[in-house]
Amino acid sequence: MTSSAERGMPDFTGDFLAFTLAGGRPAAGQEALICANGVRATWLDDGILRLEPSTIDGTTRSVLVSAGIHGDETAPIELLSFIVRDIASGALPLACRLLIVLGNIDAMRTSCRYVDDDLNRLFTGKHAQLPQSHEAPRAAALEKAASDFFAHAASDAGARWHIDMHTAIRASVFEQFALLPHTGAPLSRAMFEWLRDARIAAVLLHTAKGNTYSHFTAETCGAQACTLELGKVRPFGQNDLTRFAGADRAVRQMVSGGEGVEDASMPRVFTVIDQITKQSDQLELHVAADVPNFTAFAKGTLLARDGEYRYTVRHDEERIVFPNPSVKPGLRAGLMVVETTQQTLAALAG
Ligand SMILES: O=C(O)CCC(=O)N[C@@H](CCC(=O)O)C(=O)O
Ligand SMILES: [Zn+2]
């Protein structure tokens, strides 16, 4: 194994995003490099990189940080590539085993959410039902990479983390929010405190199993996992990365083992009470394109009709998240949530 300095920069750590988009592969025998501070960087596959500190013991955390599961959600992809650069150069100390994943590379190349199918609907084995889909092998590869990575992790639940970074199609009442998968495990106070430190304003609690990446790592790998929505979708190079400073700082703090900043309030919490599922191409969603995520609707409002199906607001107030009539039939066209901040925060496990 040679050091990156011996080989001369740039290597795959200098600009992991550019290297990945260009379809770069390390030369044979050059897949593992020793970077600054003795960090070992191992290129595992397109867009998949493992970084390890020089010493690892039974308490070392294992952290998966991913971006670009949707190819057009570019800001977190840029942030993640800068984190790789800074660890490799020594500017950011590394205190955990770290798996970096850039998700849907072909969709990134064409600035679209996906090529054939939404990658974030193909995890927990769903890819096996769509073997012809362009995204199916990628979902299988990402599942395997996560399983292999966490197979060598400390067994303590607090030692396994997955942060999956996205941006959303619409604006949002809460510009930055998180979604937690539903696995039946108790909600983790450590996760909520980290989300607070990341300046996440709201947390959405799923109440049903999903096929998302964070659901897979939570359920199958025992990770504390979340999906972050950090702002709006924009093309590469058009992001104001200062708007992502809170999450960027919190991810850097997690990987370097630094202390969080406790000067923000806990996020508000919303729990999913129903899902509007697209039954057919007849779906009418009565939510205009400029209505932000988490907009509230009053009891009795008709929000969707699709053949015989109707969605009418039942609670005094319900908020809609990710309304999207353009999804494929059978998929989620909107999530309905109600606020549960008090009871959720009161019940957090220590
Ligand atoms: O803006 C949108 O409509 C979608 C943004 C996005 O990609 N959200 C994730 C959320 C994952 C989850 O439900 O936990 C997704 O839809 O995959
Ligand atoms: Zn996304």
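Which residues is H166 in contact with, leaving aside its neighbours within four places in sequence?

Author: Bear in mind that this is a predicted model. Leaving aside neighbours within four places in sequence, H166 is in contact with I69, H70, E73, P76, N120, T227, L228, E229 and L230. H166 itself lies in strand β6, and it counts as buried because its relative accessibility is 1%, under the 20% cut-off.

UniProt, in an unreviewed entry, places the feature "binding site" at H70, E73 and H166. These three are spread over 97 residues of sequence, yet they cluster in space, with a largest C-alpha distance of 7.4 Å. Within the group, the side chains of H166 and E73 make a polar contact at 2.9 Å. H70 sits in the loop between β4 (62-67) and α3 (74-89). At 3% relative accessibility, H70 counts as buried. Again leaving out neighbours within four places in sequence, H70 touches C112, R113, D118, N120 and H166.

Now for E229, another of the residues that H166 contacts. The unreviewed UniProt entry gives E229 the annotation "active site". You'll find E229 in strand β9 (residues 224-232), and with a relative accessibility of 5% it counts as buried. Not counting residues up to four places away in sequence, E229 touches H166, T167, A168, E175, Q176, F177, L179 and F322. One of these, A168, has its backbone nitrogen 3.5 Å from a polar atom of the E229 side chain.

On to the ligand. There are 15 residues around ligand 1, and N120, R121, I169, E229 and R332 come nearest. For R121, an N or O atom of the side chain is 2.7 Å from an oxygen atom of ligand 1. H166 has a polar side-chain atom 3.5 Å from an oxygen atom of the ligand. On its own, ligand 1 has 430 Å² of accessible area, and the protein covers 97% of it. Strands β6 (160-168) and β9 are the elements that give two or more residues to the shell around ligand 1. Sorted by class, that shell has four nonpolar, six polar and five charged residues.

Conventions:
Residues numbered from 1 in each chain as written. Chains lettered and ligands numbered in written order. Predicted model: local features only at pLDDT ≥ 70, side-chain atom pairs only at ≥ 80, totals over all residues. Heavy atoms only, no water. UniProt positions renumbered as here; feature names shortened; annotations may be inferred. Helix = DSSP H or I, 4+ residues; strand = E, 2+ residues; numbered from the N terminus. Buried < 20%, exposed > 50% of the residue type's maximum accessible area, 1.4 Å probe, protein only. Contact = heavy atoms within 4.5 Å. Polar contact = N/O pair within 3.5 Å; in protein donor to acceptor, adjacent residues only side chain to side chain. Near = heavy atom within 4 Å. Areas by Shrake-Rupley, 256 points an atom, 1.4 Å probe, with all protein chains shown as cover. Nonpolar A, V, L, I, M, F, W, Y, C, P; charged D, E, K, R; others polar.
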